[in-house]
Amino acid sequence: MITDKFGRRLQDLRISVIDRCNFRCRYCMPREVFGSDYAFMSKDELLQFDEIERITKIFVALGVKKLRLTGGEPLLRKDLPDLISRLARIPGLEDIALTTNASLLGKMATDLKEAGLQRVNVSLDALDDQTFMSVNDSGFSVHPIIENIYQATEAGLDIKINMVVKKGLNDHQILPMARFFKELGITLRFIEFMDVGQTNGWNFEHVMTKKDMYQQLSKQYELIPVEPAYFGEVAQRYRYRDSSTEVGFITSVSETFCSSCTRARVAADGHFFTCLFAGEGMNLKDFLRSGFTDDELRDVIIDRWQKRDDRYSELRTEETAKRSSKIEMSYIGG
Ligand code: SAM
C-alpha cells in the first residue's frame, strides 16, 4: 500500500482509451474548439493494449482494485472487448467499469459483458430530446440511448446514470430524470458542473449545487441517506423512501472530497495524473517505449504518488478556474 503526502492511498485507476468522442457536449468538447481540424491523437500516440495491460498490472500490484475505462468515448476504441478480456484476467483486479455516452452500447453490450465488464456508467443529461440535442450538439436523440440502456441491462451489465447539471441548460430535467430512472430501478447520480479544462466557459454561477438539486427533488420525494459502501466513495447516496432505488450527488464543487481521493488517472497517450484538474502529467508511454522494466516503472509511479499533494477542488476560486494550464476532460478522461 502506498500513500501520498496527505496519507491518501492509491486504490482506483481510470484509464482513458481514446481522446475522440462522437458527441460535442457544450460543457465538455465545444464544437468551436473540437472542430473538424482538431488534432486528436494518432494511432501511434495512443497506448496500445499491451501497454495498457502492463500499466494496469503494475498499478494493481501497488494496491489498485478498481479500474474504470473512459475517454473521449471509450466505445469508439477499436476492439475494446478484447482489451477488457485481457484486463479481466489480471489477478487482484476486482472490478472493471466503463463510462460511456451509450450511443454504441446496445450492439456491444453482450460482447462487453462476456469480456468481463461488470459496471457501466451512462452519461445522460436530459430526457427531453431538444435539451439533449442541444447538449450533445451532434444530432443524437434520447430514444436510442434509452434502448441501449435496456439492452445493456438485459446483457447483465450493472448500469448507473450520470447527469451533469448546468444551470440554465438542463436543470429543468432533474425531476423528469429522477422520475424515469426511479421507475426503472436504476441509480441516477447528479454531477455538479466542474471547471475541468479551459474551454467550457465555467463559472460559479453555472453550478447547480447539491443543495439546489436536493431542494428540487425533495419537493417531490422523501430521500433517506445511505451509508457509503467504501472509503473514498465519490457519490453522496440517498434512497427514495418508498423504494429501494438510489439517487446520488457528486459534489465536487460545493462539498469537495479531495481528502478521500484515491484515484490515479492515465490519459490515452499514457500521461499519468493524480488530479482531474492537473496541468502536467508524467509520460509513462516514454518509459514503456524506452525499455523500462516493470520494477523501474513501478518505482516512478510510487515516487509520483508519494509526492502527490494536489487538492485542487478544496482550493478552487474564480481565479484558479481560469488557470490556463488545466487539461481537458476529453484528454484526461472523465
Ligand atoms: N464519453 C464518455 C461519457 O460520455 O461518459 C466518457 C467521457 S466523459 C468526459 C465522462 C463524464 O465527464 C461524462 O459524464 C461527462 O458528462 C462528464 N463531464 C464532462 N465535462 C464535465 C464538467 N465540466 N463537469 C462535470 N462533468 C463533466
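Reader: What share of the contacts with a separation of 6 or more comes from residues 24 or more positions apart?
Author: The model is a predicted one. Among the contacts in the protein with a separation of 6 or more, those between residues 24 or more positions apart make up 73%.

Reader: What is the radius of gyration of the protein, and what does the globule rule give for 334 residues?
Author: The protein has twelve helices and twelve strands. Its radius of gyration is close to the value of the globule rule, so the protein is as compact as a globular protein of that length. The C-alpha trace spans about 60 × 45 × 45 Å along the principal axes.

Reader: How far apart do the centres of the positive and negative side chains lie?
Author: The protein carries 46 positive and 50 negative side chains. The distance between the centres of these two sets is 2 Å.

Reader: Which residue has its backbone oxygen 3.0 Å from a polar atom of the Arg-8 side chain?
Author: Among the residues that Arg-8 touches, leaving out those up to four places away in sequence, are Cys-258, Ser-259 and Cys-261. The backbone oxygen at 3.0 Å belongs to Cys-258.

Reader: Which residue lies eleven positions from Arg-263 in sequence and 6.8 Å away in space, C-alpha to C-alpha?
Author: Arg-263 is in strand β10 (residues 263-266) and, at 8% relative accessibility, counts as buried. Its contacts outside four places in sequence include Asp-12, Phe-257, Thr-274 and Trp-305. The residue at 6.8 Å is Thr-274.

Reader: What is the phi of Asp-79?
Author: Most residues other than glycine have a negative phi. Asp-79 is in the loop between β2 (66-70) and α2 (80-88), and at 40% relative accessibility it counts as partly exposed. Asp-79 is not a glycine, yet its phi is positive, at about 60°.

Reader: Where is Asp-137 found?
Author: Asp-137 is a residue other than glycine with a positive phi, near 50°. At 27% relative accessibility, Asp-137 counts as partly exposed. Its place is the loop between α4 (129-136) and α5 (142-154).

Note on methods: Residues are numbered from 1 along each chain as its sequence is written. This is a predicted model: local features need pLDDT of at least 70, side-chain atom pairs count only at pLDDT 80 or more; totals for chains, interfaces and linings use all residues. Side-chain values use heavy atoms; hydrogens and water are left out. Helices (H or I, at least four residues) and strands (E, at least two) are DSSP runs, numbered from the N terminus. The radius of gyration is taken over C-alpha atoms; the globule rule is 2.2 Å times the number of residues to the power 0.38. Contact means heavy atoms within 4.5 Å. Lys and Arg count as positive and Asp and Glu as negative; His and the chain ends are not counted. The place of a charge is taken as NZ of Lys, CZ of Arg, CG of Asp or CD of Glu. A polar contact is a pair of N or O atoms within 3.5 Å; within protein, one must be able to donate a hydrogen and the other to accept it, and residues adjacent in sequence count only if both atoms are side-chain atoms. Buried means under 20% relative accessible area, exposed over 50%, partly exposed in between (1.4 Å probe, protein chains only).
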